[in-house]
Structure formats: C-alpha cells, structure tokens
Amino acid sequence: MTQTEKYIWLLNTIHQSRSRGISLREISDKWRDYMSTEKPLDRATFNRWKTAVELQFHVNIECNTKGGYRYYITNPDDINDDRVRKWLLDSVSTGTTLLSNLDIKDRILLEEIPSGRANLATIVSAMKHNHKVQITYRGFGKIYSSTFAIEPLCVKLYNNRWYVVGDSYPNGEWRRSTYGLDRIEETIELKEEFAYPQDFDAKEYFHDYIGVSRWVDPVEEPIRFRVYNPHKYYIMSLPIHHSQRLVVDEGDYAEFEVKVAPTEEFFMEMLHGGSWIEVLSPKEVVDQMKGWVEELYNVYNKK
C-alpha cells in the first residue's frame, strides 16, 4: 500500500464520519480491521498522515476537544463540490470495502471494464507538463492503426471508459478530436512542449453535451421528455445531464427538460428507457427520435 493510498484511506475514514467526527482510537481500530493486523495506528503516524492529507488534498482537519477529541473535516463541501476528489474518495471507499471482504469475493460480482487505465497515467503526466503525446490509435471497425502526436487538453470518464480530447495537425491543418483510451494501443510522452490554449475550458467544452460526442449543435429550446413508472425513479435518482430539471410529476409519469445537443449519446439514453420514455419536444428532436426507433425496428426485423 503506497503512502498516497494511506492518506486517501485516512481522508475517506474521517470524511465518512461526517459532523459527528471520529476519535483516534476508532481510526486505529478501523485501520487494524482494514489491514488485518494487531498493530495499532499510533499518534505520531496519524499526525504525519493528517498533515500530508491537509497539504495534498487541501482540506482542514480539526479536533473537537469538547466532544471527546474527535476529528472532523471543517470544509466537507469543498470535497463534495470537487468532482475529482469526490470520485476519488468514492472509488477508494468502494475499493476499501472490497479489499476488506475478499473472503466473500465469490459473492461480489463486477463487470469487466475496458477503461484504458494503462494509458491514463502517461496522458495525465503529459497534460501536467504540457507535453505532446504520441499515440497509436485504432478506432472501432478500423483494420489498421495510425500513429500521430496530439496535444492533450483534458480527459473525461464516461460510461466506464476514459477519453482524451486533443489537438493535432494532420497535413498542417488544426483538428480537435476525442479519443477513447481503450482504443489507444500505445502512448509515449514526448519532450516537445505545446502552448495550452487559454480559451479552452474542459467543463464548458462538454457543458451542453451528454457523453463525449460533439458532432451536432445544441437545439435552441430545452428537450422535453416523459418518463413512465417505474423508470422515472431511475431518471430522478441519476439524471442524464446536469441541466435536467423536473417539470411535472403526475404520479404515473413525470416530465423532464434538459438543455443538451441531440447527439448519439442523448438518443441512446432515450432508447435505453424503451417504451417508458417518450420525447415530447422540440419537433425536430421528436422526428429524429422516430428515425432512431424506425431504424432499430428495421434492423431487428431483418434478423
């Protein structure tokens, strides 16, 4: 277990205690359970880890001396508002649960995920240093691979797959594209630097889109769709986009609006709900949705 993993474990342990806090003894007991050891977490080690956590993750850990010397995070909202830190903590929390229960691993079912993690470290390192990356890429359905350099601008996780947005200059012409890391066969961080475009904002780049496709512009008005029971509860608990808002809930169904571009990912989200989802407006999106349904119907009936 690396030092960073230990720091994340401590941060996650204190964060899970919420406002009630957690004592050093309780932290030590959890550490012994996690590591399956009788050796406690001593105060000197705890203090070193605590300082490292505060410096690396920009959190404030205080001790409530009036409540039995219980440690708590004074700025938990900063973690909840930071998607990277929150995702990291959630992932570590899940990993901690699984690692501490390997004796029942046959009863814990996971999916094989083609995430492309092997290439992630190289690309993130290149992003940090504004270095170009040489990638060997073979898209789905392609027979041959292509090797070229990109200027990595950002990475995004979508549907358990990592993607990188990068600028390239084939034949001297500028092109900005998105590449799936699981389709990259090799990555090499180059020493050549590039100037990060100051007008590029990763969050804004995908603001009006679901997923990673940007081949169509957003429609002028919000897209409205109806979701019937019981699927409406899935949409309520896991919105398809950050702009999603509930317009009306009639019990048997609910209607929502989203301000997104009608890309392939949007229609796949709609089709995923089957007969429980109905696109209501605008008309151009309704017509496109009908086209998708008809195409799938024709494909199904040809089999």
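In the predicted structure, five strands make up an open sheet with antiparallel pairing, arranged in the order β7-β6-β5-β4-β8. The edge positions are taken by β7 (175-180) and β8 (184-193); each has a single partner strand, so one side of each lacks a neighbour in the sheet. From one strand to the next, the twist averages 45 degrees. Within this sheet, β4 (residues 131-137) pairs with β5 in the antiparallel sense over five bridges, and Ile135 has Phe148 of β5 as its bridge partner. Helix α6, formed by residues 117-129, lies across β4, β5, β6 (161-168) and β8, and runs at about 20 degrees to β8. The loop between β5 and β6 contains Asn160. This residue is not a glycine, yet Asn160 has a positive phi of about 65 degrees. In general, most residues other than glycine have a negative phi.

A further open sheet comprises four strands in the order β10-β11-β9-β12, again with antiparallel pairing. Its edges are formed by β10 (245-249) and β12 (277-281), each of which has a single partner strand, so that one side of each is left without a neighbour in the sheet. The twist of this sheet averages 25 degrees from one strand to the next. Strand β9, spanning residues 223-228, is paired with β12 in the antiparallel sense through four bridges; Phe225 has Val279 in β12 as its bridge partner. Two helices pack on the sheet. Helix α9 touches β9, β11 (253-258) and β12, and its direction makes about 130 degrees with that of β12. Helix α10 (residues 283-302) touches β9 and β12, with its direction at about 145 degrees to that of β12.

One joins Asn229 and Pro230, with omega of about 0 degrees, and Pro230 is placed in the loop between β9 and α8. Another joins Ser281 and Pro282, where omega is about -5 degrees; Pro282 belongs to the loop between β12 and α10. Most peptide bonds, by contrast, are trans.

Strands β2 (residues 61-64) and β3 (residues 70-73) run antiparallel and are joined by four bridges. Asn64 stands opposite Arg70 in β3. The two strands form a hairpin with five residues between them, and Gly68 in the turn has a positive phi of about 90 degrees.

Helix packing is also seen between α1 and α3, whose axes are 9 Å apart and which pack at an angle of about 90 degrees. The two helices α1 and α3 are therefore roughly perpendicular to each other. On the α1 side, the contact involves Gln3, Lys6, Tyr7, Ile8, Leu10 and Leu11. These residues meet Phe46, Trp49, Lys50, Ala52, Val53, Gln56 and Phe57 in α3. By residue class, the contact of α1 with α3 contains nine nonpolar, two polar and two charged residues.

The largest pocket of the model has a volume of about 1900 Å³. It is lined by 37 residues, of which Arg83, Trp87, Lys156, Leu157 and Tyr158 are the closest to its centre. The elements that give two or more residues to this lining are α1 (3-16), α3 (43-57), α4 (76-81), α5 (83-99), β5 (146-158), α7 (202-205), α8 (231-237) and α9 (264-272). Helix α5 gives the most, with six residues. The lining of the largest pocket divides into 19 nonpolar, eleven polar and seven charged residues.

Terms used. Residues numbered from 1 in each chain as written. Predicted model: local features only at pLDDT ≥ 70, side-chain atom pairs only at ≥ 80, totals over all residues. Heavy atoms only, no water. 1 Å grid on protein atoms, 1.4 Å probe; cavity = no way out; pocket = protein on both sides within 12 Å on 5 of 7 lines; lining within 4 Å. Points joined across faces, edges and corners; volume = space filled by probe spheres on them. Nonpolar A, V, L, I, M, F, W, Y, C, P; charged D, E, K, R; others polar. Pairing = 2+ DSSP bridges. Axes fitted to C-alpha atoms, helices over the stretch in contact; angles between N-to-C directions. Contact = heavy atoms within 4.5 Å. Parallel < 35°, antiparallel > 145°, perpendicular 65-115°, else oblique.
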